[in-house]
Amino acid sequence: MKAKEILFTILTAILAYVPIGARADIFTGKAVDEKTGEPLAMASVKVETKMDGSTYISNYSTDSLGNFAVRSYHEGRAVVTVSMIGYHNAKKRTYCGSGNATDTIRLGEFRLKPSDVLLNEVVVSTKAKRFTMQGDTIVFNPAAFKLQEGARLKELIEKLPGVVQKDGKLYWNDKPLRLQMNGRDIFGGSGIVADLPAEAVQNIKSYNKATEFAKHTGKDDGNEDQVLDIKIKAGFMDKWYGDIRTSLQSPKGYQASIKASRLSDRNPVMFSFDTNNINRYEKMGTNWMSNGDIDYFGKAQNASLGYQHNFKSGGKDNNYVAATSNFNHIDGWGTDYSAAQYFSPNNVTTWSLNRNSHYKHEITPKLSLDLYTYLTEKDFILSSLTFNYSQKRNNSESGSVRLDTETKPYGDFPLDLLLSAGASDAAYRHLINRERTYQQNIQEGTTTDFKVYWTHFLGKKGQLVFNTNLAYSNGNDRFSSHRELEYIRQNIASPLYQYSRSPHHNLTFSGYGLIKYNISDALLFQASQEFGIINDKVRKQSYRSDVESRIETDPESTIDQANSFSSRKQHTKGRTNASVIYKTGNWQFTPTMWLTLEQEKLDYQRGQLDTIANRNSTKFIPQMEVKWKMDKSNRLDFKFLYNTELPDLLSTLNYRDDTDPFWIVEGNPRLHRSHSHSTSLTYTRTLDKQQAMMLFKVIYAYNIHPIATVYNFDPQTGIYRSHSENVKSGNTWYMEMVYDKSFGDYINLSTKAAANFSKSYGYLAAFDRNIVQEQNQMKVFSLNLDPKLSYERDWLQLELSGNMNLQRNRYSLASQYNSTPIRYTYGLNATAKLKHWEFNTEIYDKAATGYLAPELNRHRLLWDATVRYLLNKKKGWIGISFDDILNQKRDYSAIIDSSQHKEDWNESMHHFVKLTFNYHFDAKGKKE
C-alpha cells in the first residue's frame, strides 16, 4: 500500500487539478404572439446543426414565460425553429462556435403569427404538462405531445425536448441514447421498441445512468449513459408487435420479411425472417443488427430467433441469460472489369485487360449464449459463448490478356477480340500472353468463441476489470483450377490443372486488465494492459498437372512441392496504454502513450525452404493533443502522432509462390519496419453576425522507409514477379478550407476545398532484378472542390451540389506516363412533403476524363425518384421507387502509383422499379 500511496502522491504533485467539463454553447430566446406580444408557453423549439454532411436535431420546449435556453454540443450552422399549434413557424439562423468554454448566443424574440385556421385534429389539452421533474430525472407525459393517430414510438421520441438525431441515431448532449424498457436493456435492440405504437407508452424517463463503477464509488467517471427508460402500460405487455414487408422489383425481384417481438419484463422473445433476391442480407442478435448488400447481385434467406430470461441475483434485478440463433443462406454474383498500364525502364510499357465473373454460395448458422449476473454486490460477471459454422463455395471464370501496345485501337474493351485473335490478325503480334481460367474454392469450418468479463469494486475508491477471450477455429479450404495459358511470343499453349487442400487450426487467448482509482475527488488515475497469444497452424498440399485425370489417378506424381507448405505461427503480444488530460484556462493538453511488446515465431517449410523465424519487437507510440480557445469565436487545435509498422513475418522469408504462373509472389528477407509521424493544425472561426463559419486545416505527414510492392517483368513470357521492399522516405502536405454562410432563413451556401501534395517512391517493373535500379519518384497534386447551395423550408428542400476531383501525377524516371485524370459531378436533390405524401428525386451528371478505359471517360446522367404514401393511420405505407431511370450507373475506382495505373469497374443492381408495402401489427391494450 505504501508504494501505491507514493505513486499516487507523485502523480498528484505532477498534475494540478482543473475541472474538466463538456463545452456547450447556449441559445436563448423567447416565443411570443406576434399580434398580442404575450409569451407562448410550451412552444416547441427545434435546433438543427449542420456540419460536414452531418445533421444534428435537438428538440426543446419554452417555459411558462415563453423563454428557452438550449444547449448545443455541436459546432456548425444552426437553424432554430419555434412552433406551436395554431401558429406559423418562426425561424432564426445562427452559428454554434467551437472551443472548450460556454458561450451564450441571444436570439431575442420569436414572433409567431397565428394561423388562419386552427387544426381540427388537435385533441391534446394545452394545459397538459409535457414533463415533470423528479429529482434529477425528467418524466415525459406522452399525452401532452401532438401525435397523429397510429403514430409510432420513434415519432414520440424524436419530439422529446433535448433529443438529438444524428445520421439516424439518437443522442442527448452529444452522448448516444440508450433505450431501456421498464428499467431493463431491450432484448433484440432498440429498433424493435421504436416501432411500437405510441399509445402503449405510460411515460418516458430521462436520466444519466451511472456506470457500475460510479454507483459503487460515488465518483463520476465521465462514462455514464444517457438513458430513455420507456414504461409500457401493463395492458400492452406480454404481447406481440412487429412489421410485415413485401416488395416487388423489376424485372423479377422480390422481398418478403417479418420482424416480431414479444415484450415482457421476464421472458422476452424476438423473431425475424427475410427472403429476397434483391441483393440484401440481414442478421440480428440480442442487442445488435447488421444488414447490407450481398454482392453486385444476390439472393438470401435469413432467419433469427432469440429468447431471454430475466432474474434477480446479488441484490440486483437486472440479471439475465439469453440465447439467440441465426441462419443465413446467401448467393451472390457479379463481374469485375479492369484495365491496367505497367511501367518499365527504357519506355517499355505493358497493357492488360481482365474480366472476372464470380459466384458465391454461403451457409452460416450461428448460436449465441449470454449471461449477465451479480455474484455479490461488489462482483459481477458478463460472459458469452458463440458457435459459428460456415460453408462457402466460390466459383469464378476469368479471361485476361497482356499486350505491348494500347488497347484503344481495337475498341472500348476489346477483351473478347484479343482472346480469340489468331496469328493472321493484326492485334495478335502485340500480344505477350493470354489466359482463360476456371476456379473453385470451397471453405468449410467452425469457430467457438468464449468471453468472460469480471469486475470487482475496490470499496469507494475504484475498480478492477479483467476479461479473457478464448477462441478456437478449424476447417479446410479446397481449391481447384483449370488454366489455359498461352505464351504468344514463345508459341506455347499449355493447359494447367491445379488442386490444393489446406486444413487449418487456430487457437487464440487474450486478456485485458484495467484499473481505475480515485486519487481524490478531483483526480482519477487509469491504466490498462492487454495481453494475447495466437497459435496458428496451416498445412497446404498442392497438386498440378497438364492432364486433369492424373491428379486423381496418380496424385503422388503431381505433388507441387514449390507451392505446398506447412506453417506454424506463435504470436505473443502485450500492450500498455496511459493518458491524462490537463486543463488550464483556455488551454487543454492531452498526452497519450502506447507501449507494445511482441514476440513472434514462425516455423515454415515450403519446397526447399525449411526455416524457423523469430522476431522480438518493441513499439512506442506517443501522441500529443493541444487545444487553445483564443476567444468565443476562434479556436486552434494541434495534434502530433508517431507510429511504427511491422511487415508481416512471412513476407520477410525467402519464399516463392507461383500458384498463378503469370503473377509470382516472393518474400524479401531484407524487409524491415517502417515509421511515420503526422502533425496537424486546425483553425476555426465563427462569425455570428455575418452568419458564417470558416475552417482551415493543414496536415504534414512524413513516411520513413515505407513498404511498397516491387515488380519484375519478363518481356518474352509476360510473367510478373512481385515482392515487398522498403523505399525512400516520402511526405504529404494536406490543406483544407471550409466556408459556410447563410443568406436569410432559407438559403445556405457551403463550400469545401482540399489540396494534397505528396511525394513517394517506387520502382519501375525491371527486366533484371539483379541490377540496382534508381527509384522512380512520384509527385501527386490533387484538388477537391465540393460546393453546395440549399433552400430549406418545412415542406420543401432543394439542394444544388457539385464535386470536382483533379489528380496530377508526375514521374521522375518515366515522364511519358504522366497523367491528369479528372472526375466531376453536379446535380439536384429535391424533397417535398404534403400531408400523407412524400416525394423525392435526385438527378446528377457524373463525368470523367484522363483515364485509360474509354468506358470511364464519358458523361453519365443518373436519375432516381421515390414516392411514399402513409395509410391506415400510419400503421402502414406504400411506396414506389425508380432506380437509375436512365440506366447509366457504373461503379469504378483507380490505383495510380509509381509502378502502375490500374482501373476497375463493375455493374451492380440498378435500373429497376420497386414497389413496397409495409404494415405494423400491434397488440391492443386491455381496457382499464
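K569, E600, R615 and D648 form a linked network of salt bridges, a salt bridge being a side-chain nitrogen of Lys or Arg within 4 Å of a carboxyl oxygen of Asp or Glu. The model is predicted, so local features need pLDDT of at least 70 and side-chain atom pairs count only at pLDDT 80 or more, while totals for chains, interfaces and linings use all residues. Residues are numbered from 1 along each chain as its sequence is written, and side-chain values use heavy atoms, with hydrogens and water left out.

**Salt bridges**

The structure holds 22 salt bridges.

| Pair | N to O distance |
|---|---|
| E435 and R483 | 3.0 Å |
| R544 and D658 | 3.6 Å |
| K569 and D648 | 4.0 Å |

Strands (E, at least two residues) are DSSP runs, numbered from the N terminus. K569 is partly exposed at a relative accessible area of 22%, and D648 is partly exposed at 45%; buried means under 20% relative accessible area, exposed over 50%, and partly exposed in between (1.4 Å probe, protein chains only).

The side chains of R544 and D658 also meet in a salt bridge. R544 is in strand 29 (residues 524-545) and D658 in strand 35, 114 residues apart. R544 counts as partly exposed at 23% relative accessibility, whereas D658 is buried at 17%.

For the salt bridge between E435 and R483, the partners are in strand 26 (residues 431-458) and strand 27 (residues 462-487), 48 residues apart. Both E435 and R483 are buried.

**Sheet with strand 35**

An open sheet of four strands has the order 35-36-40-39 and mixed pairing; two strands pair if DSSP finds at least two bridges between them. Its edge strands, each pairing on one side only, are strand 35 (656-660) and strand 39 (707-713). Strand 35 pairs with strand 36 (residues 663-666) in the antiparallel sense over three bridges. R656 has E666 in strand 36 as its bridge partner.

**Backbone features in loops**

S250 and P251 are joined by a cis peptide bond with omega about 0°. P251 lies in the loop between strand 16 (240-249) and strand 17 (253-262).

N279, not a glycine, has a positive phi of about 75°. N279 is in the loop between strand 18 (269-276) and strand 19 (280-284), and is buried at 4% relative accessibility.

D884 has a positive phi near 45°, again in a residue other than glycine. The loop between strand 48 (876-883) and strand 49 (891-896) contains D884, which is buried at 2% relative accessibility.
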